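Some questions about how this model is described follow. Each reply sets a value against its definition.

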Amino acid sequence: MEIDLEIYSPVHQIKNTLFNEQGINVFIKRDDLIHPIISGNKWRKLKYLLKKAQAENKSHLVTFGGAYSNHLLATAAAAAKFGFKSTGIVRGEQVDNDTLFLCRLHGMELLFTDRESYRDKPALFNKYFADDVEAIFIDEGGASPEGAKGCSELIDELPRRYDHVFCACGTGTTAAGVINGLHQHGLSTLFHAVPVLKNGSFITDEIGKLLAHPVNFELHTGYHFGGYGKTDKPLIDFIKQFVAQTGILIEPVYTGKMLFAVYDLAAKGYFKPGENILAIHSGGIWGLLGMKDKF
């Protein structure tokens, strides 16, 4: 089957008294609307990996993630949609949850492994699939040059120029792709990376590995709220208020933290009057399944 999917990802303006007071215009790129499950950066990062698998006659997608991984679920759904077999190697002890239920429902086989072994993903791939000539290695989160290429295409779709673009960062692949896209179009837009992990300065090097050209960007490491998958009351309160006021569903792992940063920086007068700011909704809404108790 041809690996193709029509992209529907509009840009909506976010209206808020704060933004009016600051004289700024804030927009959100709705990548969460691309697909119900293969949404946001998940589809963009998988697109060329799936094309690579098809070109190499690989029919078995093998990838990695935690027990609530949006990437695992997106890969399972993509495999089902485009006729691949899929296996997810899951970090940690064997568990059952809503996310893994949906992975299995889409036909994904799950292999659980201890956290120490999980650190060497190529070794795990070789342990289980060295003799499977149809298996292809897909790194956690779709981190890869192919993933960055898919994410760079987001810039092709923008209806206007923006002074700032914000994106949540886990592996740095989406950020690198967006930065590459901005560079390809010769745009002077300033990119802002918001790491969702504690001690997120490392993301600078990870982004750098996938950049086509060295580009300066802003890094905001103060919005991790305790680390990956961690939250606190101010973040949860912000998300509940944002969803209730906009009707746009966001979650606490990625997009919620990034948007909190945008609102917080606006409140601190970071932006100049008249500037246009774009926030990228990178999907991942199914991550809410593992965080219902936080609300």
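Q: What makes α3 and α4 a pair in contact?
A: In this predicted model, Leu 72, Leu 73 and Ala 76 of α3 meet Thr 99, Leu 102 and Cys 103 of α4. Contact requires heavy atoms within 4.5 Å.

Q: Why is α3 called roughly parallel to α4?
A: Helix α3 (residues 70-82) packs on helix α4 (residues 98-105) at about 20 degrees. Angles under 35 degrees count as roughly parallel. Therefore α3 is roughly parallel to α4. Their axes lie 8 Å apart.

Q: What is the handedness of the crossing of α3 and α4?
A: The crossing is left-handed. That term applies if the near helix is turned anticlockwise from the far one by less than a right angle.

Q: What makes a set of residues a nonpolar core?
A: Its members are buried and joined through side-chain atoms within 4.5 Å. The largest such core here has 32 residues. Ile 14, Phe 19, Phe 166, Phe 238, Phe 242, Met 258 and Leu 259 touch the most other members. Helix α11 (255-267) is one of the elements that supply at least two residues. The largest share, eight residues, comes from α11.

Q: Which residues are included in the second, separate core?
A: This core of 29 residues includes Leu 49, Ala 76, Phe 82 and Leu 102. Ala 76 in α3 and Leu 102 in α4 also take part in the helix contact.

How values were computed:
Residues numbered from 1 in each chain as written. Predicted model: local features only at pLDDT ≥ 70, side-chain atom pairs only at ≥ 80, totals over all residues. Heavy atoms only, no water. Buried < 20%, exposed > 50% of the residue type's maximum accessible area, 1.4 Å probe, protein only. Helix = DSSP H or I, 4+ residues; strand = E, 2+ residues; numbered from the N terminus. Axes fitted to C-alpha atoms, helices over the stretch in contact; angles between N-to-C directions. Parallel < 35°, antiparallel > 145°, perpendicular 65-115°, else oblique.
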